[in-house]
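Open the model in your viewer and keep the selection tool at hand. This tour tells you what to pick next and what you will find there.

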Amino acid sequence: MRILYFSISIILTTGLIFILDTRKILPAPLGRLLSPQEGIWQNAESVDADHGADLRFPALKGKVEVYLDSRMVPHVFAEKENDAYFVQGYLHARFRLWQMEFQTYAAAGRVSEIVGDKAIDFDRTQRRMGMVYAAENALRMMEADPATKASCDAYTAGVNAYIETLEASELPVEYKLLGYKPEKWNNLKIALFTKAMTNDLAGFDRDFEFTHALQALGEENFRMLFPEMADSLSPVIPNGTAYPKPAILPQAPADVDSAYFHRKDSSIVMPDFKPDPSNGSNNWALAGSRTKSGRPILCNDPHLRLSLPAIWFEMQIHTPEFNAYGVTFPGIPGVVIGFNTDIAFGFTNSGRDVKDYHEIRFRDNTRRSYWFDSAWRPSKNRIEQIRVKDGKTIQDTVSYTVFGPVVYDRSMPGRSTGGRAYALRWVAHDSSNILKMWHLLHRAKNYDDYLEAIGFFNVPGQNMIFASRNGDIALWQQATFPLRWKDQGLFVMPGSDSSYMWQGYIPREDNPHAINPERGFISSANQRSADSSYPYFIPGSYDVYRGIIINRRLAATIDATPEDMMKLQNDNYNVFAEYARPVLLKNVDSSALDPTARYYMRMFSDWNLQNDPDSKAATVFSAWWDSLQQVVFHDDLNTTAKSVIRPDKFVLLEGLLRDSAYRFIDDLRTPAKEDLKSAVTLALQKASSALEPIDKEGRLAWGKYKNTSIYHLLRNSVLPFARTGLMNGGGEHIINATKHDHGPSWRMVVHMTTPIEAYAVYPGGQDGNPGSANYDNFVDTWTKGEYYRLWFMTPADRTSNKIKWTMRFRS
Amino acid sequence: MKFLYTLFLIAILGYALGLYLPWWSIGVAGFIVAAWLFPRPQDAFLAGFISVLALWGGLTLGRSIANDHILAHRFSQMLLQRDSPLLLVGVTALIGALVAGLGALSGSLFRNMIRKTETVA
């Protein structure tokens with residue numbers, strides 16, 4: 001009997017422990033997770049914690065002091081440059097380890113190892129896009145350059161130094177939640193991070209979608225819906241700039257009509273996991289002639305998917321060779337956007353297409369050879385092993401051709417390739433050492449240094465803005481851009497002969513650029529960089545309206561101060577609505593509307609065109625325009641089983657401005673002939689019905705409707721780690737480009753005075769730990785459109801009371 | 001008196017083992033102390049339960065207060081679907097208490113079983 005009692009008791013005890021220790025029964029291992037000595041409570045960092053430390057690492061060559069200010073921004077003072085990168089790696093890991101490791105796992109297609117089989121398709125796509133192949137190619141060039149190799153080695157050693165001192169109980173909460181441990185960092189992960197960034201900014205293409213659209217719509221309609229350029233374009237390089245005649249122009253192959261434009265392809269590949277096309281940015285620089293101080297002001301706000309932990313980590317790095325301040329990417333060494341004692345630098349995305357697909361004909365199912373230039377050419381097969389958490393390892397064979405990896409073929413499930421195979425040609429696969437650019441920018445003193453530095457950058461194409469304390473402003477659109485004949489690469493190209501390959505690259509000196517232009521300012525906002533007089537074919541995904549309003553505002557700016565520029569970065573004026581409103585109001589038939597729709601119409605006509613958080617009219621406009629696009633295009637884009645992709649927003653507006661009898665207005669599904677009046681009126685009536693319930697719930701104000709939210713990188717699985725319901729204005733086509741979960745990820749204004757005066761903010765906090773007071777402490781400041789004055793510390797400030805804690809690193 | 005000893009010893013041993021062993025070592029602490037001091041089974045359970053309720057409750061409450069409950073706000077919403085740091089502290093303490101209580105009960109019953117065997121032999 002006593003044996004029985006004991007047996008029951010011990011079974012109950014171990015059973016309870018098992019249930020609370022495993023992930024298989026409860027959604028979380030509650031015992032392990034909640035244990036005060038092991039679980040998440042260990043991550044509840046005291047709000048009065050002392051962040052000072054004395055640390056010893058034999059790898060260091062000299063002394064390093066890290067001064068943390070009240071916002072937890074580290075000011076790193078190192079006697080040896082590479083020690084600074086060691087400490088940067090250490091600090092990135094200390095504050096952002098989980099994030100930097102997760103992002104490099106994602107780049108390498110290894111998310112299944114962490115979250116299980118739901119990520120297999122994502123991982124396969126990353127592998128097939130050749131992300132690891134691209135990183136390996138980059139790593140070879142990075143390690144061939146002694147300075148870059150030394151900085152990467154030091155950075156990697158710093159990350160690993162932190163990981164080695166980390167106890168299991170101190171692991172970031174995400175590791176505890178998902179049940180895994182960090183692995184050792186290495187230089188390949190640095191390269192992988194740069195490729196993840198490249199994919200975000202230069203990974204967008206519409207080749208398959210355009211191929212389908214051309215076949216479904218016919219050439220004339222295709223050209224109308226997907227024009228090369230907007231009428232209202234206000235390019236990066238001002239209209240009327242004279243471009244020199246190019247030395248070489250590429251020639252289209254002889255069979256281009258039959259083999260390319262009229263090629264029949266019944267397969268429909270619809271790629272998923274595409275980067276967000278609104279990944280973009282604003283930057284501008286004013287010459288001294290337009291500022292109150294007479295010194296240039298440089299501004300930059302990169303628009304990315306907003307996330308917690310934030311993509312950016314703010315810091316200053318001071319070495320005998322340079323002194324740089326700005327934001328860094330946890331995952332790579334250096335300061336990415338910022339300034340040094342003499343110059344400031346920033347970036348916007350060029351939006352240029354550097355990614356093409358070619359159809360490959362394999363000899364047989366072994367995919368060991370393919371037809372190219374009238375012969376069977378062997379392909380290199382790379383076997384990808386995808387390890388799945390709590391499961392088996394999946395193998396995927398990826399064939400590499402002269403173009404690059406075959407991304408889509410019959411072995412990609414869920415995608416209809418009709419048995420065809422498509423290889424990817426992407427500049428991101430070409431070897432390069434883009435880190436060298438930052439190595440040189442950190443220590444650049446003037447325009448010539450900047451020009452030399454940016455030459456090392458091949459992808460993603462960026463508008464690289466520059467201002468110096470000695471008064472120069474400049475912008476180069478920099479990258480390796482393929483030399484294309486007209487329309488080359490818009491559609492999927494033949495892969496059976498070399499005449500469809502890129503015939504070279506646009507010479508660097510022909511890249512669009514401006515140096516101290518007469519108008520006294522430079523700007524870029526992801527619009528097409530040059531007007532039609534630019535002699536090269538430069539397809540891409542471009543915004544139209546932010547460029548228009550920025551250039552209009554800057555042209556009217558005199559005596560500018562940094563405060564004026566902060567206001568401008570938060571400007572909510574909707575220039576797209578300014579162009580669209582007359583079209584809507586002139587054509588709406590108010591007598592055909594019900595009273596609610598008429599009420600919204602009046603609200604819209606009284607609107608001040610500001611997408612302010614409390615503006616209801618801004619919501620009405622957004623819904624009305626979306627509805628009009630649907631009314632006009634839905635029938636035209638759905639004539640085949642698979643929908644054609646939506647044209648860009650400017651297309652409908654410019655079509656209607658040009659011609660009120662726009663050919664797509666008539667609804668093909670009805671016998672009647674619809675006109676613009678009926679379309680505009682129907683669109684408002686439909687939008688009104690959708691808006692009315694939202695209005696009744698009190699959510700019509702633009703800020704509430706848009707519901708700006710910053711999600712944790714694990715999105716909905718950890719929703720309480722997010723900040724939702726932020727009352728931000730702005731939106732698409734607006735300088736303040738804050739959308740639902742996308743927008744200005746860093747706002748920076750740098751005044752090129754002596755010493756430099758700078759202001760900035762990002763939506764997040766320095767510490768990636770959701771249990772830290774520094775996890776999201778910048779968010780409210782960012783939402784209000786306010787800034788922090790940046791402390792560009794000098795060695796003389798070592799006794800300043802702005803220093804809250806000091807970390808001493810010694811060998 | 002023995003009850004109080006059991007209570008304190010489980011808390012002290014549970015904390016010490018927790019520095020080196022996984023979280024369930026509080027159950028081991030309950031087992032060892034109860035097998036050693038041999039309280040009545042119901043007393044053993046109660047002692048294990050109360051001591052770790054206090055230990056885990058105290059440790060987490062202290063940490064959470066120093067943290068301004070920042071972490072507990074987020075995790076209580078995630079794990080308990082409601083924003084209540086104190087409830088999360090309570091759930092934590094209860095989990096530890098149950099494991100330690102059952103561990104102590106087993107320890108007491110183990111000693112009981114052994115003793116019986118000894119007597120028979």
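Select helix 3 and helix 7 (residues 146-165) of chain A: they pack at an angle of about 40°, with their axes 7 Å apart. Helix 3 of chain A is therefore oblique to helix 7 of chain A. Angles under 35 degrees count as roughly parallel, over 145 as roughly antiparallel, 65 to 115 as roughly perpendicular and the rest as oblique. Axes are lines fitted to C-alpha atoms, for helices over the stretch in contact, and angles run from 0 to 180 degrees between N-to-C directions. Helices (H or I, at least four residues) and strands (E, at least two) are DSSP runs, numbered from the N terminus.

This is a predicted model: local features need pLDDT of at least 70, side-chain atom pairs count only at pLDDT 80 or more, and totals for chains, interfaces and linings use all residues. Residues are numbered from 1 along each chain as its sequence is written, while chains are lettered from A and ligands numbered from 1 in the order in which they are written.

Stay on this pair. Residues of helix 3 of chain A that meet helix 7 of chain A include Tyr85(A), Phe86(A) and Leu97(A). On the helix 7 side, show Ala154(A), Tyr155(A) and Tyr162(A), among others. Two residues are in contact if their C-beta atoms, placed from the backbone, lie within 7 Å.

Next, select helix 5 (residues 120-128) of chain A. Which of its residues are buried? They are Asp123(A), Arg124(A), Gln126(A), Arg127(A) and Arg128(A). Buried means that 20 or more other C-beta atoms, placed from the backbone, lie within 10 Å of the residue's own. Among the elements covering them are helix 3 (81-107), helix 6 (131-144) and strand 14 (380-387) of chain A. Just after helix 5 of chain A, Gly130(A) takes a positive phi of about 75°.

Now show both chains. Here 35 residues of chain A are in contact with 36 residues of chain B. On the chain A side, helix 1 gives the most, with 12 residues.

Chain B has 5 helices and 0 strands. Its C-alpha trace spans about 60 × 25 × 25 Å along its principal axes. Of its 121 residues, 56% are buried. Zoom to helix 4 (residues 70-80) of chain B, where the buried residues include Ile70(B), Phe75(B) and Leu79(B). Just after helix 4 of chain B, Gln81(B) takes a positive phi of about 60°.

Methods. A residue is buried if 20 or more other C-beta atoms lie within 10 Å of its own, exposed if 12 or fewer, and partly exposed in between; C-beta atoms are placed from the backbone.
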